[in-house]
Amino acid sequence: MEQQKARGQRLDRTPSTTQTPLMAQRKPSLQEHPQWSWTLKWAAIGSSLGAAVPVGYCTGVMNSPAELMRTWCKETLAHRYDLHVGDAGIELLWSAAVSLFLVGGALGSVTGATVANRFGRRGCFHICGILLALGAACFYACRPLRSVELLLCGRLLVGLAGGLVTAFMSMWHSELAALSQRSTLAPLCPMGLTLGVVVSQICSLRSLLGGNEYWHLGLAFYGLLVVLFYAPFKWYPESPKWLYIVKGRKEEARRQLMQLRGYAVDSTTLQAELDEMELEATSKAATSGFLEVIRDSRLRLPLIIVCAFLGGQQLSGINAIFYYSVSIFRKAGLTPQASEWANLAAGSLNLATSMVGPVLLERVNRRPLMLFSTLLCTVFLFLFAMLLYFIESVSWFAIGCIGCIFLYIFFFQFGLGPMPFFIGAELFEQAPRPAAMALGSVVYWSCNFIIGMGFPTLQNAWGALVFLPFSITCLLLYVLTKYYLPETRGKSPSDVAPLVANGFRSRVRRISYTGN
């Protein structure tokens, strides 16, 4: 019986061509024209706009009104507590407000696997909405109520939501989509984060919601998206794999697949997909918790890849570039207002390039995209560091720095930007997937915290040379990709897992990929 199921599973992954009744009978396929149903489209777009965009928004919204908010914190502490804090104390308080978002992200990531397995992917999305709504309420009320505590509480709440989003959303999208649809849905979560940052840069302009009277409205503005996209919550589908494999609700999983794919009741493709879930359910064992995943030698290499990609993305300097870009534009001779607009242009380029992601990932394999992205990011970060170091020596080096910033951002979104968020969903099977992606998310937020807290200090100590470690990080990711990342496009995780089961002795470069 198991041999028959395995044989059917191999046939399921054979790319389909022109379908005839005989071929459909002999070669049922998971890629047999699954439909882009309204339910699938709504789940992918609605969840990205309702959760990923608000998290990205909260990442960047405090940069522009930072000085105004510092002044407000100082005046509020003096008015409410008669506590007169100096500049050093205000900087410490501001660091706490920034770091609470990152700490919340790490804590949310730690609980991501447990929440996603216990309450489901849809339930995890619901919890994110509650946290984001509470955070928006805290932001909206903090200034009228003169409460610094509400500001800090709001940052922690949205950080918790951010940790959950990075831990579960790409996994949810991959489980909702058919194999042939995953490349299109894969970059939606990172694209939503990028869109949120750009929207926050626009809303926090002083001419809009970044002024002295309205900055609290700017902080809470994302709440409109949460209300809009969570209101029809009952229309969001649950993951069929979670229903079938984790909860054993097989009939409900069947109905969910029919709704997502547009399958008929007697569809051979539907039955083939259920058979694959059954195989995965019978093989799922103890490798589902954090410790089990870490100890399992077969999962060590894919776990290292996921953590290295997510952590390396943050240590590649993308946040530091945006942190430093305004001052670079000022050194290039731009006015303060022009520098803000140039910074917005950099964010818009980041968004525009990320929107090419679904097209590229649908047509180009993962390995060449990641190799191309990491190599060119290495080159332009190195050039940026050198030009910035000698910026006072040659007049055109300032323009060269701007060019390097824009080229780095452009090539970042080809692979290093979107791929770390979803590669875990393609490397891990159902049982270890939530824990592995949660561990990767913990590394992501921890490295984000390191950059946020450590970059200003290192920049003061090393100057422009602080960008050289970022270039080295991209180079290390290039090496890891070249020798150990298997090609995952168009492949089921059960096909990919054996390729990396031997750890660093795996020979993924010898395996050629012929995708559809």
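Arg146 is found in the loop between helix H5 (87-142) and helix H6, where helices are DSSP runs of H or I of at least four residues, strands are runs of E of at least two, and both are numbered from the N terminus. Although Arg146 is not a glycine, its phi is positive, at about 55°. With a relative accessible area of 39%, Arg146 is partly exposed; here buried means under 20% relative accessible area, exposed means over 50%, and partly exposed lies in between, as computed with a 1.4 Å probe on protein chains only. The model is a predicted one, in which local features need pLDDT of at least 70 and side-chain atom pairs count only at pLDDT 80 or more, whereas totals for chains, interfaces and linings use all residues. Residues are numbered from 1 along each chain as its sequence is written, and side-chain values use heavy atoms, with hydrogens and water left out.

The protein has 24 helices and 0 strands, and 57% of its 516 residues count as buried. Among the contacts with a separation of 6 or more, 80% are accounted for by residues 24 or more positions apart, contact being defined as heavy atoms within 4.5 Å.

Two packed helices are described by the angle between their axes and the distance between the axes. In what follows, axes are lines fitted to C-alpha atoms, for helices over the stretch in contact, and angles run from 0 to 180 degrees between N-to-C directions. Helix H6 (residues 148-176) packs against helix H21 (residues 419-427) at an angle of about 55°, with the axes 9 Å apart. H6 is therefore oblique to H21, given that angles under 35 degrees count as roughly parallel, over 145 as roughly antiparallel, 65 to 115 as roughly perpendicular and the rest as oblique. The crossing of H6 and H21 is right-handed, a term used if the near helix is turned clockwise from the far one by less than a right angle, with left-handed used if the turn is anticlockwise. On the H6 side the contact involves Thr166, Ser170, Met171 and Ser174, which meet Phe421, Phe422 and Ala425 of H21. These residues divide into 4 nonpolar, 3 polar and no charged, where Ala, Val, Leu, Ile, Met, Phe, Trp, Tyr, Cys and Pro count as nonpolar, Asp, Glu, Lys and Arg as charged, and the others, Gly among them, as polar. Of the 9 residues of H21, 9 are buried, so this helix is largely enclosed by the rest of the structure; the buried residues include Met419, Pro420, Gly424 and Glu426.

Glu175 also has its place in helix H6 and is buried, with a relative accessible area of 2%. Its side chain makes polar contacts with the side chain of Arg121, at 3.0 Å, and with the side chain of Ser239, at 2.6 Å. A polar contact is a pair of N or O atoms within 3.5 Å; within protein, one atom must be able to donate a hydrogen and the other to accept it, and residues adjacent in sequence count only if both atoms are side-chain atoms. When neighbours within four places in sequence are left aside, the residues in contact with Glu175 are Arg121, Ser239, Pro240, Lys241, Trp242, Arg261, Gln430 and Arg433.

Ala438, found in helix H22 (residues 433-462), is buried, with a relative accessible area of 0%. The C-alpha atoms of Ala438 and Thr111 are separated by 7.6 Å, although the two residues are 327 residues apart along the chain. Leaving aside neighbours within four places in sequence, Ala438 is in contact with Ser109, Ala113, Ala167 and Phe290.

Helix H3 (residues 38-60) and helix H8 (residues 188-203) pack with their axes 6 Å apart, at an angle of about 50°, and H3 is therefore oblique to H8. Their crossing is right-handed, and the residues of this contact divide into 13 nonpolar, 7 polar and no charged.

The axes of helix H4 (residues 66-81) and H5 come within 7 Å and cross at roughly 105°, so H4 and H5 are roughly perpendicular to each other. The residues of their contact divide into 9 nonpolar, no polar and 4 charged. Lys74, which lies in H4, counts as partly exposed at 37% relative accessibility. Lys74 and Val85 are 11 residues apart in sequence and 6.5 Å apart in space, C-alpha to C-alpha. Apart from neighbours within four places in sequence, Lys74 is in contact with Val85, Asp87 and Ile90.
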